[in-house]
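Here is a short briefing to read alongside the model. Have the sequence and the 3D view open, and we will go through a few local features together.

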Amino acid sequence: MPSFEVATPGKRYFAKVERGILEKVSYYLPETPGKLFIVTTEDVWRLHGARLARTLARPHSIIFFRGGELNKRLFAVEEMAEQMVACGADRRSLVLAFGGGIVGDMAGFLAASFMRGIPVVQVPTTLLAQVDASIGGKTGVNLVSGKNLFGAFHQPEAVLIDPEVLTTLQDREYRAGLYEVIKCGVIASPRLFEIMFRHSEDVLAKTPAVVDEMISECVRIKAEVVTADEREGGLRRILNFGHTIGHALEAETNYTRFLHGEAVAFGMAAIVQLALLTGDLSASSASDVLKTILQYGPIPSLEDISSERLAMRLAQDKKTVLGQVHFVMPQRIGSVKVVSGVDEQLVLSAIRAALG
């Protein structure tokens, strides 16, 4: 059972990857006397709720979130908080996030805010959440202006990852998560990238050994990065490879067309094009990354997307500092750097090239 420690100044916890751990969740819950509140969606609960509920030997209430990026807003956090109050929540209560990345962000922010902070445990049920979103304590909601602009760092008590739940994941959701796996390979793991590049049939078939290795390697990378830099002051910024332009694409389409991983795929393709233009990445490495992204497509149509409008949205990204847009630029497979002050015309040209 792979287990990876995340050690930050304020919290030390483990992210565990184990098939069947969903039926052992109760064993890993902190011993708090308060009530347990499970934040989930109706579809996740219908598919996996019975397995989770069988393990719980303490009073609990289910808080259903409607799901989707459009509902990842402050009003939904307030609605859930009101439900918790009505069900007798107090400072000793515990939140369990049971769902994908959006549920994890919402439940984490709810826990960070409710009575100024109560514990949360993350039990992710999508590939994207398992390899990225559930680890590291980033929580938050979207504003009309942009993605995840309102939130807090709130580290979980534990992250419990059961790859078996992915057998029920819709194909599009699974593929969207694979783009985050590609991201991890490009930024920090040539071996992981090699798996994604050369073994796409096994990856897409959800071959257990390949899936488990894929998830474990991503969790290892995320745990090490967060341990070194909890609040994105330095190293942690490399995890944003593809996200700056990807977030702009999500906002430009009002969070209705692209899954997060699909937007990140486009963002990675655009940054690869930018790295080619700046001379930071070789043509052969760029070709390998673009080919790997295409293997796990398709993503929704980009035909009506304006490159100019995407470029304008970059200034609203939360990683923009003093007007300077920061990009995670690949140098070779397994190594990236963070740059700012890139010529705006080069950025525009890269976006146009990625749009095709």
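Helices here are DSSP runs of H or I with at least four residues, strands are E runs of at least two, and both are numbered from the N terminus. By that count, Lys206 sits in the loop between helix H8 (200-204) and H9. Please keep in mind that this is a predicted model.

**Helix H4 and what follows**

- Helix H4 covers residues 101-113, and its 13 residues reach 18 Å from the first C-alpha to the last, close to the 18 Å expected at 1.5 Å a residue.
- Eleven of the 13 residues of H4 are buried, so this helix is largely enclosed by the rest of the structure.
- The buried residues are Gly101, Val103, Gly104, Asp105, Met106, Ala107, Gly108, Phe109, Leu110, Ala111 and Ala112.
- After H4 comes Met115, which has a positive phi near 50°.
- Arg116 lies in the loop between H4 and strand E6 (120-124), and its phi is positive too, near 65°, although the residue is not a glycine.
- Arg116 counts as exposed because its relative accessibility is 79%, and the cut-off for exposed is over 50%.

**Helices H6 and H9**

- How do H6 and H9 cross, and at roughly what angle? The axes of helix H6 (residues 171-188) and helix H9 (residues 208-228) come within 10 Å and cross at roughly 55°.
- The crossing of H6 past H9 is left-handed.
- On the H6 side, the contact is made by Tyr174, Leu178, Val181, Cys184 and Ala188, and H9 contributes Val211, Met214, Cys218 and Ile221.
- Sorted by class, this contact of H6 with H9 has nine nonpolar residues, no polar ones and no charged ones.
- As background, an α-helix has 3.6 residues a turn, so residues three or four places apart point the same way.

**Backbone details in two further loops**

- Lys206, in the loop that leads from H8 to H9, has a positive phi of about 60° and is not a glycine.
- Is Lys206 buried, partly exposed or exposed? With a relative accessible area of 22%, Lys206 is partly exposed.
- Gly297 and Pro298 are joined by a cis peptide bond, with omega about 5°.
- Pro298 is placed in the loop between helix H12 (283-295) and helix H13 (307-313).

How values were computed: Residues are numbered from 1 along each chain as its sequence is written. This is a predicted model: local features need pLDDT of at least 70, side-chain atom pairs count only at pLDDT 80 or more; totals for chains, interfaces and linings use all residues. Side-chain values use heavy atoms; hydrogens and water are left out. Axes are lines fitted to C-alpha atoms, for helices over the stretch in contact, and angles run from 0 to 180 degrees between N-to-C directions. A crossing is left-handed if the near helix is turned anticlockwise from the far one by less than a right angle, and right-handed if clockwise. Contact means heavy atoms within 4.5 Å. Ala, Val, Leu, Ile, Met, Phe, Trp, Tyr, Cys and Pro count as nonpolar, Asp, Glu, Lys and Arg as charged, and the others, Gly among them, as polar. Buried means under 20% relative accessible area, exposed over 50%, partly exposed in between (1.4 Å probe, protein chains only). The expected span of a helix is 1.5 Å times one less than its number of residues.
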